[in-house]
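The report below concerns a two-chain protein model and is meant to be read beside its sequence and coordinates.

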Amino acid sequence: MLRVPVTPHDHIAGSQNAPVTLVEYGDYECPACGLAYPNVLRVQAYFDERLRFVFRHFPLQQIHPNAEPAAECAEFAGAHDRFWEMHEGLYENQDRLGLPLFLTLAGLLELPQADLRNALASGQYEPKVRADFVSGVRSGVNGTPTFFVNGHRHDGSFSFEELAAAISVRLRVTAPL
Amino acid sequence: MKSRGSKRTVQFLGPGAAAPDFTLPVTPDQNLSLSDLKGKPVILAFYPADWSPVCGDQMTVYNEVLSEFHKHDAELLGLSVDGVWCHQAFAKDRRLHFPLLADFEPKGEVARKYGAYRNREGVSERALFVIDRRGVIFWSYLSPIAVNPGADGILDALERMSNRVGGAVE
């Protein structure tokens, strides 16, 4: 179960009043998360206002050396209200993660590149990323990506069909009688 | 817990049982005994095999959670029936910062002592044990073999153990 409830401090896409919340714990360098990324976009489009999507960081730093700086880069963009644009840029360019890409994406989003460089060097957003990671560990995240649908860990695959099926089950549960 | 189709001679060990001591190779030329760690909480993580898929790998996740385990002064040991050279290659590839013990010869002997061996497949269960400072099992969990149990159960157990009267200094 998701131990740390979704709050306004989270990165939330979609309607506040959506009956179903999909939370992903992900890592920008994880190939499986990269494969899941288009499937998440599809379920968002499919369920539209019935679904809100939340992304939390779970960087596996020892096997993915770019995962932590990428997460901090996304947080930097988030501090400028551009989290989802950066999120998209990172997953769309997963095969070339690194400082040059982070700076390029920041430039494209018209974010101050020098500030990003300083934020990464000082670890300004590290505590936020770590807080996400620890909340994931306490909730039973066992690898990346791990999804929760209305707080329940989704142990199926991250195919569009299985994610959509899990969301549909919760929609039926939460539908008014 | 009931076994799932595998014959076991020792029942899966639960809270209150003395943790059976063992000595196993930890590198090609070094052994480690459970009793070497007496006085510290110890986490035993039995798993079926090295080299499961990267991102969902249990040991990879535990590697990232080590600092949380260390807050409780706990040491983590991974155990499988893989040989010591296999463990060495796996640990290097995944950059693991905790010991992997080779329960290789006699095969699965330690897993059997804990009631965590699958005779049919010849591998250990996905089983977790949290052992207190006195060498007594405080918590154990037998996971369905295909489900990576994550680290939350371990951390909950370590917290409960630290919070019990005298737990931190027994």
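In this predicted model, the side chains of A:Lys128 and A:Asp132 meet in a salt bridge with an N to O distance of 3.7 Å, a salt bridge being a side-chain nitrogen of Lys or Arg within 4 Å of a carboxyl oxygen of Asp or Glu. The two residues are separated by about one helical turn, because they lie four residues apart in helix H6 of chain A; helices (H or I, at least four residues) and strands (E, at least two) are DSSP runs, numbered from the N terminus. A:Lys128 is partly exposed at a relative accessible area of 25%, whereas A:Asp132 is buried at 7%; buried means under 20% relative accessible area, exposed over 50%, and partly exposed in between, with a 1.4 Å probe and protein chains only.

Residues are numbered from 1 along each chain as its sequence is written, and chains are lettered from A and ligands numbered from 1 in the order in which they are written. Because the model is predicted, local features need pLDDT of at least 70 and side-chain atom pairs count only at pLDDT 80 or more, while totals for chains, interfaces and linings use all residues, and side-chain values use heavy atoms, with hydrogens and water left out.

| Pair | N to O distance |
|---|---|
| A:Lys128 and A:Asp132 | 3.7 Å |
| A:Arg130 and B:Glu68 | 2.9 Å |
| A:Arg153 and A:Asp155 | 2.8 Å |

For the pair within chain A formed by A:Arg153 and A:Asp155, A:Arg153 is partly exposed, with a relative accessible area of 24%, and A:Asp155 is exposed, with 54%. Salt bridges that share partners also join A:Arg3, A:Arg138, B:Asp156 and B:Glu159 into one network.

The salt bridge of A:Arg130 with B:Glu68, whose closest N and O atoms are 2.9 Å apart, crosses between chains, from helix H6 of chain A to helix H1 of chain B. A:Arg130 is partly exposed at a relative accessible area of 28%, while B:Glu68 counts as buried at 11% relative accessibility.

The size of an interface is often given as the accessible area lost when the parts come together. Here the area buried between chain B and chain A is about 1700 Å², of which carbon and sulfur atoms give 53%; buried area is the accessible area (1.4 Å probe) that two parts lose on being put together, summed over both. The contact, meaning heavy atoms within 4.5 Å, takes 21 residues from chain B and 23 residues from chain A. Between the two chains there are four salt bridges and ten residue pairs in polar contact, both residues at pLDDT 80 or more; a polar contact is a pair of N or O atoms within 3.5 Å, where within protein one must be able to donate a hydrogen and the other to accept it, and residues adjacent in sequence count only if both atoms are side-chain atoms. On the side of chain B that touches chain A, the elements giving two or more residues are helix H1 (58–70) and helix H4 (152–163) of chain B, and H1(B) supplies the largest share, seven residues.

Within chain A, helix H2 (residues 67–79) has 13 residues that should span 18 Å at 1.5 Å a residue, and its end C-alpha atoms are 18 Å apart, which agrees; the expected span is 1.5 Å times one less than the number of residues. H2(A) is mostly covered, eleven of its 13 residues being buried, among them A:Glu68, A:Glu72, A:Cys73 and A:Phe76. The buried residues of H2(A) pack against strands E1 (11–14) and E3 (51–57) and against H3, H4, helix H5 (113–122) and helix H6 (126–138) of chain A. The helix is followed by A:Asp81, whose phi is positive, near 60°.

A:Asn93 lies in the loop between helix H3 (83–92) and helix H4 (99–108) of chain A, and counts as buried at 17% relative accessibility. Its side chain reaches the backbone oxygen of A:Gly89 at 2.7 Å, and, leaving aside neighbours within four places in sequence, A:Asn93 is in contact with A:Leu101 and A:Leu105.

Chain B has four helices and nine strands, following the pattern β-β-β-α-β-α-β-α-β-β-β-β-α along the sequence. Buried residues make up 55% of its 170 residues.
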